[in-house]
Amino acid sequence: MLGELLNPYQLQIICFILINIILGLSIYVTLSSGQLSLGSAGFMGIGAYTSALLTINFDVPIFIGVIAGALAAGILGLIVGIPSLRLQGVYLAIATLGFGEVIRVFFVNWESVTKGAIGISGIPNIGRELFATFRDAGFDPDMIGLKNNQFVYLLVLIILLIINILLIWFFIRQNKSRVGRAFAAIKMDEKAAEAMGINITYYKVLSFTQGAVLAGFAGGLFAHVMSYISPADFAYNRAIDILIFAIFGGSEVIWGAVFGAVFMTILPEALRFISEYRYMIYGIILIILMAYRPQGIIDINVLNWFKKFKKQKGGAVHDSGDQKHN
Amino acid sequence: MILEIKNITKNFGGISALTDVSFSINKGEIFGLIGPNGAGKTTMFNMITNMFAPTSGEIIFDGEQITGIKPYQITDKGICRTFQNIRLFPQMNVLENIMVGGHSRTHSGVLKSVLRTKSQRNEETKLRGIARDLMELVGLSNYDEVIAENLSYGQQRRLEIARAMASNPKLLLLDEPAAGMNETETESLFDLIKKVQARGVTVLIIEHDMPLVMKLCDRITVLNFGKKLAEGTPEEIQNNQTVIEAYLGSEEDDDIA
Amino acid sequence: MLLEQLINGITLGSIYAIIALGFTLVFGVLGILNMAHGEIFMFGAFVGVVVTSNGGSIWLAFLASIIVTSILGLLLEVFALRTLRGKQGVSHLAPLISTIGVSILLENVSHHLFGAGNHPFRVAFAEIKFEIGSVTVYLVQILIFVISVVLMVVLSLWLSKTKAGRALRATAENLETASILGVNTKKIILLTVVMASALGGVAGILVGMSFNSVNPQMGLSMGLKGLAIIILGGMGNVKGAMAGGLILGLAETLVVVYGDSGYRDAIAFIIIIIILLLRPQGLFGQKTSEGR
C-alpha cells in the first residue's frame, strides 16, 4: 500500500520543492537586511560545481562535498559582498546580476575543469548512496512494500525535509533575536540603525554571505540529486525563478519565501499544458504584483490573520519567546 | 567637561556651514543649542555623531578624541541622538524599536541567538525589562505591540527618546524634540527631559521653542550663520543684544536654510 | 588588420552607444533602470528580420521597427511604470522588478512569435565594400557609424535647443519642480520612454545589419551590456553613454582578437562590477550623495 501512495514522480517534485525552499530562503535572507541580490544563481552554481568536482575527482563523501560547496559560495559571497556594501538597491541588484553572468561565462569557458557547456554527468547521487548503505546492511525495500526507486526518492526527500526544517528553524530563531532586529532596522532606515549603534557593514555582509551560503548549499544538494549539471542550470532564468519565489511568495516574512517556493514549483507542474508560457505568466505576475501588492502574497497581516484563526480554534500558544506576545 | 567642541569648521563645497565654533558642556547639564534656521545646529549634531567629519577642529568626549570614529562606535562610547525628522523604524512595534536602541549594550551573535544560550536569554530578558522601564518613563506603558508608524506624532517623538535612552548614553542629543507639539505636550516633554537629567544623563538640545529652552537649559550657546554668537545662562542670553538682533533680523528674511 | 578590428570595434561601439542612450534617457528622467530595454531592442531587430525576409528595404525595416518599439514603450509606461508612480510606500526596487517582469514577458512572447535560434537578417547592400589601402571597409559599417553619430548629434541638439528637450531635462532634474513650472510631466515621461524604445528599435536594425543574424538571447545580453555602458559612462549622462558605448565596443573586439573569445560577454559584466566598486558615478557622472 505504501508503494501505491509514493509515486516517484511526485516524490521527485517534492525534492525540487525542498531545494527551491532553500533557494527562496537565500534571497529572503539578503532581502531582510534591505539588499536585493540577483546573484543567487551564480552562488548556486558555485556550490554545485564545487561539490560535483570534489566528489567525482577526489572521492570526497557527498555531505562533505555539499558543505564545501556551501563554504566556497560563502567565501565568494564575502568577496563580492564587502565591496558591494556601498551600492544601494538598484546598483547592488545589477552588480550581483553581472556577477552571476560572469560566473556562468566562466563555467562555460573553463572547459578543462568544468567540461564547459556539456556539463558534468555521473555525479554521485545522495539517494543511491544511501540506498547502497541500506542494502549493505541487509535491508530490502521490498520489506516495506516499496520499489527500489521509490525508496531512493523517499530517502532523499526525508533528508531534504530534515535539512529544510533545520534551516527554517535557524532563520526564524535568528529573526527574533538581536541579529534579526539589526537586519530589520538596517532595512527600514540604515542611517538611523547606524546611529543606534548597529555596525551596518558587519550585518549587511553577514546577511549577504548567509544568502550566498544557502544558495551554494542548495546548489550542492541539487548536483547530488540530479547527478548532472551544466552552466544552463545556473543562468539568468534560474535567477529569475529564485527571485519570483521571494517576491511572489512574500519578501518580508520567511514564510513568504517558503510559500513562494512551494507554489512556484508546483504551479508549472500542475499547469504542464501552459509550461511553454511559464515565463510570460511570471512576467505578468511581477508587473501586477509590483503595482498592487509589492510585498508579495504572504505578509505580516496574513500571518497575523492565521495566528488569530489558530487561537480561535483552541488557543495554541507558541513557544516563541518573542515580544509579539502579550 | 563631558563634551568639548574645539574650533569646529565645516565647509560643504563653497558653503561654510560652521566657522570656528567652540563650546563645552559639563556633565549633568542640560545644554541648549539655538539659533535661526540654517545656523548650523543640525550640522553640529551630525558631526558629533560622526555622520561626517569636520573640515577642521576637534570634538572631545569624556576626554577622548572622537572625530573620525564610525557612527556606530559613537553610540558605544555613550552618545545617542534623536532626529529632527523622526527616524523611527516604522514597521516595528514600540518594544522592538526601543530594543534596537539597546543594540550596543548587548552582544549576542548569530550562534548564541539561534541556540538561545542562557546568556542570550538573560540578555534578552534584561533588554526587555529596560525597554519596558523606558516605555514607562516616556509615558508609553503597555504600548508594546503598537506599530511605530501608527503612533501619534507626539508619541513618536517620545518613542524616539526612549529608543535613544536604551543605549544607556552619557550624552543625549535631542534634535528639536518639541517641534509640532502643543502646550500640554511640551509640558510633558519638559518633565521627561528633567527626568532624563535626573538619571544622570547629560542633554544637548536643539530647539526653537524659546520658553521651553529658557526654562529647561542650564546653559545655552547661540549660533548664527555658522558662527557662535553668544554663550551663557538663559538670563544672559535673553538679555544679549546681538542675540535679540539676530532673531529679529532673521524674522524679516525668509527662513532659507 | 588592427585597423580593421578597430573599425569593427567602432561599429560595435556605435550600436552599443545607441542602446545605452535609451537606458540613459529613461534613467535620467524617471530615475529607474528599464530592464526591459534589451528585450524591446530585440523585438525591433526581429521586426527587421520579418520585413527584410519578406523583401522589404532596410529603410522600411527601420520604420517598422521604430513603430513597433515605440508602441512597446508606450505600453510599458502606461501599464507597468505609471501604476507604480505616486503610490505610497513602494520600495525603490519595485520599478526595477516590474521592468524585469516586462522583460521576461517580452522575451517569452518573442520566443513564441519568432522562434528560438538564429534568424538571418538580409541586407541588400551587405556585400558592398571599399578598399582603402590594405583596409577593407563595408558600406554597412559606414552606414551604422554615420546613423549612430547623426542620432547622437540630433539627440544632443534636441535636448539642448528645443522646448521639449529642455522640458525633458527639467523633468530629469526634478520632477516636482518641473511640474510646478508648468511642464506636462506626464507627457514628457511618455515621450521619453517612447523615444528610448524607438532608439532601441533603431539599434535592433543596426545589429541585424552588422551581424547578419538575430537571435532571442540578444535581448538579455544587449540589455546587460547597455547597463554596463551607462554605469561606465555615468547614469543619466548622454555623453557618457556615447563614450561608454565606444569603449565597450572596442574592448570587446580587442578581447576577441587578442584574448579568449568565449570571455567576450564577461567583459561587460566585469566592467559593471569594477566601475560600481571603484567609481559608482561612472566616468562622466557626478557624485550623488545617495544612490537613487
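Predicted model: local features only at pLDDT ≥ 70, side-chain atom pairs only at ≥ 80, totals over all residues.
**View 1. Where chain A meets chain C.** Here 32 residues of chain A are in contact with 38 residues of chain C. On the chain A side, the elements giving two or more residues are helix H5 (89–109), helix H12 (236–249) and helix H14 (278–292). H5(A) hands over the largest share, 13 residues. Sorted by class, this side of chain A has 25 nonpolar, 5 polar and 2 charged residues. Of the 2 pairs of chains that touch, A and C have the most contacts.

**View 2. Where chain A meets chain B.** This contact takes 22 residues from chain A and 31 residues from chain B. Helix H8 (148–175), helix H9 (178–188) and helix H10 (190–195) of chain A are the elements that each put two or more residues into the chain A side. H9(A) supplies the largest share, with 7 residues. By class, this side of chain A divides into 10 nonpolar, 6 polar and 6 charged residues. As for the remaining pair, no contact joins chain B and chain C, and their closest C-alpha atoms lie 11 Å apart.

**View 3. An open sheet in chain B.** Four strands line up in the order E2-E1-E4-E5 (chain B), with antiparallel pairing. Strand E2 (15–25) and strand E5 (64–65) of chain B stand at the edges with a single partner strand each, so one side of each has no neighbour in the sheet. One residue to look for is Ile60(B), whose bridge partner in E5(B) is Gln65(B).

View 4. Strand E7 (residues 171–175) of chain B is mostly covered, with 5 of its 5 residues buried. Side chains in a regular strand alternate between the two faces of the sheet. Here Leu171(B), Leu173(B) and Asp175(B) point one way from E7(B), Leu172(B) and Leu174(B) point the other way, and all are buried. Strand E6 (residues 79–81) of chain B runs parallel to E7(B) and is joined to it by 3 bridges; Ile79(B) stands opposite Leu171(B). Another 5 bridges join E7(B) to strand E8 (residues 202–206) of chain B, again in parallel, and Leu174(B) has Ile205(B) as its bridge partner there. Follow the chain from E7(B) through helix H7 (residues 183–198) of chain B to E8(B), and you trace a right-handed β-α-β unit.

**View 5. Helix H5 of chain C and its surroundings.** Helix H5 (residues 139–161) of chain C has 23 residues, which at 1.5 Å a residue should span 33 Å; its end C-alpha atoms are 32 Å apart, which agrees. Its buried residues are Val140(C), Gln141(C), Ile144(C) and Ser148(C). What covers them includes helix H1 (2–30), strand E3 (135–138) and helix H8 (185–211) of chain C.

**View 6. Chain C on its own.** Chain C has 11 helices and 4 strands. Its radius of gyration is 19 Å, close to the 19 Å the globule rule gives for 292 residues, so chain C is as compact as a globular protein of that length. The C-alpha atoms of chain C fill a box of roughly 60 × 45 × 35 Å along the principal axes. Buried residues make up 52% of the chain. Among chain C contacts between residues at least 6 apart in sequence, 77% join residues at least 24 apart.

Methods. Residues numbered from 1 in each chain as written. Chains lettered and ligands numbered in written order. Contact = placed C-beta atoms within 7 Å. Nonpolar A, V, L, I, M, F, W, Y, C, P; charged D, E, K, R; others polar. Pairing = 2+ DSSP bridges. Expected span 1.5 Å × (residues − 1). Buried ≥ 20, exposed ≤ 12 C-beta atoms within 10 Å, placed from the backbone. Rg over C-alpha atoms; globule rule 2.2 N^0.38 Å. Right-handed = clockwise from strand over helix to strand, strands pointing away.
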